[in-house]
Amino acid sequence: MTTLSKQIICLILLIFSLLTSCSNDDDNTSANNITSLENILTELNFQGYAIVTKNGNDVVRQGFGLANENTAMPQDDDLAYRIGSVTKTLTAAAIVQLKRDGLISSFNQTLNEFDTEFPNGNQITIAHLLSHQSGIPEYQFVVEQAFEEGMALDEEDIYEVITDLISENGLNFSPGSSKQYCNSNYLISALLIEQLSGMSYHQYIQQNIFNPLEMTDSFKGNNEIDTNTHAQGYFNGSPNSTYPMAIPFGAGDFSSSPKDMETWANAVKTNWFTEAEKAEIFAQNVPSGYVDFGLGWFTSQEGDTTLYWHGGDINGYWSMIGFIPQHNTTVVLLSNQQDNIGSQRHTIIQHLLTNQLN
């Protein structure tokens, strides 16, 4: 993947860029904001499907470019796209559901309660996993290298890779003392869902999120996409949508449609979580110009504007969903054109944070 790994770089770029973002005094534009956002997407050469609404009204709802250049398939709101690490919002929500079901008592439970042999498990809580505060090292680069060398690992094998990395090298930092975006946190979380629910991770998501919300175009991604139902992913103009989906697992292996992601973002924005759950899930009191991790969601703050969101990057695709409560704005961007440094997502986030989309 330029994959999930690129998110680490993208997040760093985003944080530094937001620190130097323009003030609200510079936000006024003479152009209509609806046209402005469309123009930005066009100027960025955004390729994919974009949905941005405010107060239930469309600001943008359209496809840009083609879903498949060979067949001239248009972008569509019920077409599947790989969503990469936006999957993490689903994994975190499933952990919340485990707590509702009484299968966990608190996000402060430690990993040694579920695996007595997990190294340093008595120090690492579920909340540390979901907010990237565990200090657990990243598995992705080691596992990708193993696949390139012809090995085929499943999620249980990758779990062993993670525990071996900790045993050999220790944690990257003391749990809770720092924050470092890491896919290992979410692979472990997905396995915890399986252990406690007694069903597969994907079945649990299907039963507790997709079915209740009637998200019929969301599913576990395959190593090879079905080009009849799925947008073809591209990188520098060439097809690039093959990836061993055992690697991302609960950190990034779902595909979904713009329509379904709008349903999910709207559900989170409104009543899928209780107010008490939202207080735990979303990072609070984030200073203006900063980004912080919550439990499965980022919080970006610019002045009085708060954007809750998550992005994803995987071979041939990038994605973002989010919402701005102050403006009752929902955002879904699913692209089938890989963006290695996240520049398109960053530019759009900047616009959303500094314009009210009137």
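**Exercise 1.** In this predicted model, are Phe-282 and Trp-297 buried or exposed, and what kind of aromatic pair do their rings form?

*Solution.* 
Step 1. Phe-282 and Trp-297 are both buried.
Step 2. Their ring centres lie 6.1 Å apart, and the planes meet at 65°. Planes over 60 degrees apart count as edge-to-face, so the pair is edge-to-face.
Step 3. Phe-282 belongs to the loop between helix H10 (275–281) and strand E10 (291–293), while Trp-297 belongs to the loop between E10 and strand E11 (298–302). The pair therefore ties together parts that are 15 residues apart in sequence.

**Exercise 2.** Classify the pair of Phe-118 and Tyr-159, and state which parts of the chain the pair ties together.

*Solution.* 
Step 1. The structure holds 17 aromatic pairs. In the pair of Phe-118 and Tyr-159, the distance is 5.9 Å centre to centre and the angle between the planes is 45°, which is classed as tilted.
Step 2. Phe-118 sits in the loop between helix H3 (87–100) and helix H4 (126–130), and Tyr-159 sits in helix H6 (residues 155–169). These parts are 41 residues apart in sequence, so the pair ties them together.
Step 3. Phe-118 and Tyr-159 are buried.

**Exercise 3.** Which contacts does Arg-100 make with Trp-272 and Glu-277?

*Solution.* 
Step 1. The charged end of Arg-100 sits over the ring of Trp-272, 4.4 Å from the ring centre.
Step 2. Arg-100 also forms a salt bridge with Glu-277, with the closest N and O atoms 2.8 Å apart.
Step 3. Glu-277 has a relative accessible area of 13% and is buried, whereas Arg-100, with 35%, is partly exposed.

**Exercise 4.** Are the two residues of the salt bridge between Arg-345 and Asp-313 buried or exposed?

*Solution.* 
Step 1. The side chains of Arg-345 and Asp-313 meet at 2.5 Å, N to O.
Step 2. Arg-345 lies in helix H11 (residues 343–354) and Asp-313 in strand E12 (residues 305–314), so parts 32 residues apart in sequence are tied together.
Step 3. Buried means under 20% relative accessible area. Arg-345 has 5% relative accessibility and counts as buried; Asp-313 has 2% and also counts as buried.

Technical notes: Residues are numbered from 1 along each chain as its sequence is written. This is a predicted model: local features need pLDDT of at least 70, side-chain atom pairs count only at pLDDT 80 or more; totals for chains, interfaces and linings use all residues. Side-chain values use heavy atoms; hydrogens and water are left out. Rings of Phe, Tyr and Trp (its six-membered ring) pair if their centres lie within 6.5 Å; planes under 30 degrees apart count as stacked, over 60 as edge-to-face and the rest as tilted. Helices (H or I, at least four residues) and strands (E, at least two) are DSSP runs, numbered from the N terminus. Buried means under 20% relative accessible area, exposed over 50%, partly exposed in between (1.4 Å probe, protein chains only). A charge sits over a ring if NZ of Lys or CZ of Arg is within 6 Å of the ring centre and within 35 degrees of the ring normal. A salt bridge is a side-chain nitrogen of Lys or Arg within 4 Å of a carboxyl oxygen of Asp or Glu.
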